[in-house]
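Visitor: Hi, could you walk me through this one? I'd like to ask things as they come up.
Guide: Happy to, ask away.

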Amino acid sequence: METYVILRDLAIILLSAKICGMLARKLKAPQVVGQIIAGLIIGPCFLGLIEQSDFISQMAEIGVILIMFSAGLETNLHDLMKTGPKALAIACSGVFVPFVFGALLYFGFYGFSGVGTDHFYAAMSIGAIMTATSVSITVAALQELGKLKGEIGTTILSSAIIDDVIGIIVLTFVIGFKSPDSNPGMVIVKTVAFFIVAIVGGVAAYKLFDWLDNKAPHTRHIPIFGFALCFILSYIAEKYFGIADITGAYTAGIILCSLKDADYINRKSEVSTYMIFAPIFFAGIGLKTTFDSVTPTLLFFCAAFVVVALLTKIIGCGLMAKVCRFNNLDSLKIGVGMMTRGEVALIVAQKCMSAGMITADYFTAVILLIICSSIATPIILKMLFNKDSHKPAKA
C-alpha cells in the first residue's frame with residue numbers, strides 16, 4: 001500500500017471516529033460506541049471509503065495492547081489480590097456456561113450426529129468461540145465512567161484475564177479433538193510457565209523501575225522504558241507461551257502499577273493511545289464487518305448466537321458473582337462487563353477454521369456478536385452505574 005493511501009485512511013478514521021465519538025457523548029453514550037459505528041459507516045458495510053488492511057490491523061493491535069497496558073497501570077494491586085479468588089470463580093463460570101450452551105445451540109440448529117463427526121467439531125468450536133471475553137471495550141467504558149479502579153472494575157479485569165487463559169486451554173482441547181498432533185497438556189504447562197516468568201521477571205523489572213523512578217522522577221525515559229516493557233511482555237506471551245499478547249500487556253501494567261510515577265507513565269501513554277491507536281482499534285471492528293455471504297438461515301443462527309452468547313456471559317458470571325457475595329446490582333455489572341467479545345473471539349474462530357472445524361460463514365456471527373456486545377456493553381454499564389448515583393443517601 002502506498003504511503004499516501006495510508007495517510008488518507010488514517011485521516012478518515014481519526015476524523016470519523018472523533019466526530020462519531022462526540023455525537024455518542026451528546027447522546028449520553030460512551031465514545032467507544034461512536035468509534036465502532038464510525039468504522040461501520042466508512043467501511044465496506046456502507047460508504048466503502050476504507051478497506052481493512054494489514055497496516056490498519058497492526059495499528060489496531062497496538063491499540064488494544066496499549067489499552068490493556070493502561071488498564072494494568074490503573075489497577076490497584078491490593079484490590080487485585082483481594083479479588084483474585086472471586087475472579088477465578090467468576091471466570092470459570094463465565095467459560096463453562098457459554099461453552100455448554102454454545103454447543104447446544106449448534107446441535108439445536110443442525111442436530112447431534114455423534115462424537116467425531118463434522119457437526120460435533122463445529123459445535124465444540126461454537127462453544128469455544130463463545131467463551132472468549134474481550135475486556136478492552138469494557139476497560140475503555142469504565143475509564144470514561146471513572147469506575148475502572150475499585151472492586152467492581154478490578155474484578156471484571158481480573159476475571160477477563162483469567163477467562164482468556166482458560167479460553168486458550170479450552171480452544172486447545174477442542175482442536176485436540178480434530179488434530180491428534182495437538183498437545184493440550186503442553187498448553188497448560190506453557191501457561192503456568194508464563195506466569196512464573198512474569199512474576200520472577202516482574203519483581204526484577206519493578207526494582208529496576210523503582211530505582212530509576214527514585215533517581216530521576218517524572219522524566220520521559222520512564223514512560224519510554226514502560227512502553228518497551230509492555231511490548232516485550234506482549235511479544236513473549238504470544239511468541240513463546242501461546243498466550244494472547246494483551247495478557248502480556250496487562251501484566252506489564254500490573255508490574256508498574258505500584259510505582260510512584262505510575263500515574264505519570266499512564267498520562268504519557270494515554271496521549272498516543274487515545275489520540276491515535278485506540279480510535280483505530282475501535283473503528284477497525286466496524287471495518288471488518290461485511291454482510292455479503294448472509295443467508296436467511298445463517299442470519300437466524302447469527303441472531304440466536306448473539307443472544308445466547310450475551311445472556312450466558314451475564315448468567316454465568318453474574319450468578320457466580322452473586323455466590324461470591326456481591327449484591328444484585330454489582331453482580332449484574334460484572335456479568336455485563338464480561339459479555340464483550342473482540343479480537344480474542346476472532347482469534348478463536350480463525351484457529352477453529354484453520355483446523356477445519358468451521359467454515360468462514362460463521363465469521364458473520366462472530367462479527368455481529370462483537371458489534372452488538374461492543375455497542376451494548378458500554379451503554380448498559382453506564383445505565384447500571386448511574387443507578388448508584390440515584391440511590392438515596394443513607395441516613
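**A chat about the model**

Guide: Let's start with His78, which counts as exposed at 60% relative accessibility. Exposed means over 50% relative accessible area, buried under 20%, and partly exposed in between (1.4 Å probe, protein chains only). This is a predicted model, where local features need pLDDT of at least 70 and side-chain atom pairs count only at pLDDT 80 or more, while totals for chains, interfaces and linings use all residues. Residues are numbered from 1 along each chain as its sequence is written, and side-chain values use heavy atoms, with hydrogens and water left out.

Visitor: Thanks! Which helix is His78 found in?
Guide: His78 is in helix α4, residues 77-110. Helices here are DSSP runs of H or I with at least four residues, strands are runs of E with at least two, and both are numbered from the N terminus.

Visitor: And how many Å apart in space are His78 and Phe300?
Guide: Their C-alpha atoms are 46 Å apart, and in sequence the two are separated by 222 residues.

Visitor: What about Ser134 and Gly342, what separates their C-alpha atoms?
Guide: That separation is 5.0 Å, although the pair is 208 residues apart along the chain. Ser134 sits in the loop between α5 (118-131) and α6 (136-145).

Visitor: Is Ser134 buried or exposed?
Guide: Buried, with a relative accessible area of 1%.

Visitor: Let's go to Ser159. Where does Ser159 lie, and what does Ser159 touch?
Guide: Ser159 belongs to helix α7, residues 151-178. Not counting residues up to four places away in sequence, Ser159 touches Ala87, Ile90, Ala91 and Met338. Contact means heavy atoms within 4.5 Å. Ser159 is buried, with a relative accessible area of 0%.

Visitor: And Asp245, buried or exposed?
Guide: Asp245 is buried too, its relative accessible area being 13%. Asp245 lies in helix α10, which covers residues 245-256. Leaving aside neighbours within four places in sequence, Asp245 is in contact with Glu61, Ile65, Ser234 and Glu238.

Visitor: Switching to helix packing. How are two packed helices described?
Guide: By the angle between their axes and the distance between the axes. The axes are lines fitted to C-alpha atoms, for helices over the stretch in contact, and angles run from 0 to 180 degrees between N-to-C directions.

Visitor: OK, at what angle do the axes of α5 and α12 cross?
Guide: Roughly 50°, and the axes of α5 and helix α12 (residues 296-323) come within 10 Å. That makes α5 oblique to α12. Angles under 35 degrees count as roughly parallel, over 145 as roughly antiparallel, 65 to 115 as roughly perpendicular and the rest as oblique.

Visitor: Is that crossing of α5 and α12 left-handed or right-handed?
Guide: The α5 and α12 crossing is right-handed. A crossing gets that name if the near helix is turned clockwise from the far one by less than a right angle, and left-handed if anticlockwise.

Visitor: Which residues make the contact?
Guide: From α5 there are Ile126, Ile129, Met130 and Thr131, and from α12 Phe301, Phe305, Val308, Ala309 and Lys313. By class, the contact of α5 with α12 has seven nonpolar, one polar and one charged residues. Ala, Val, Leu, Ile, Met, Phe, Trp, Tyr, Cys and Pro count as nonpolar, Asp, Glu, Lys and Arg as charged, and the others, Gly among them, as polar.

Visitor: How do α2 and α6 cross?
Guide: The axes of helix α2 (residues 31-42) and α6 come within 9 Å and cross at roughly 135°, so α2 and α6 are oblique to each other. Gln31, Val32 and Ile36 in α2 meet Ile137, Ala140 and Glu144 in α6. Those contact residues divide into four nonpolar, one polar and one charged.

Visitor: Cysteines next. How many disulfides are there?
Guide: The count is zero disulfides, a disulfide being a pair of cysteine sulfur atoms within 2.5 Å.

Visitor: Last one: what is the phi of Arg325?
Guide: Arg325 has a positive phi of about 75° although it is not a glycine. Arg325 is in the loop between α12 and α13 (328-337) and is exposed, with a relative accessible area of 81%.
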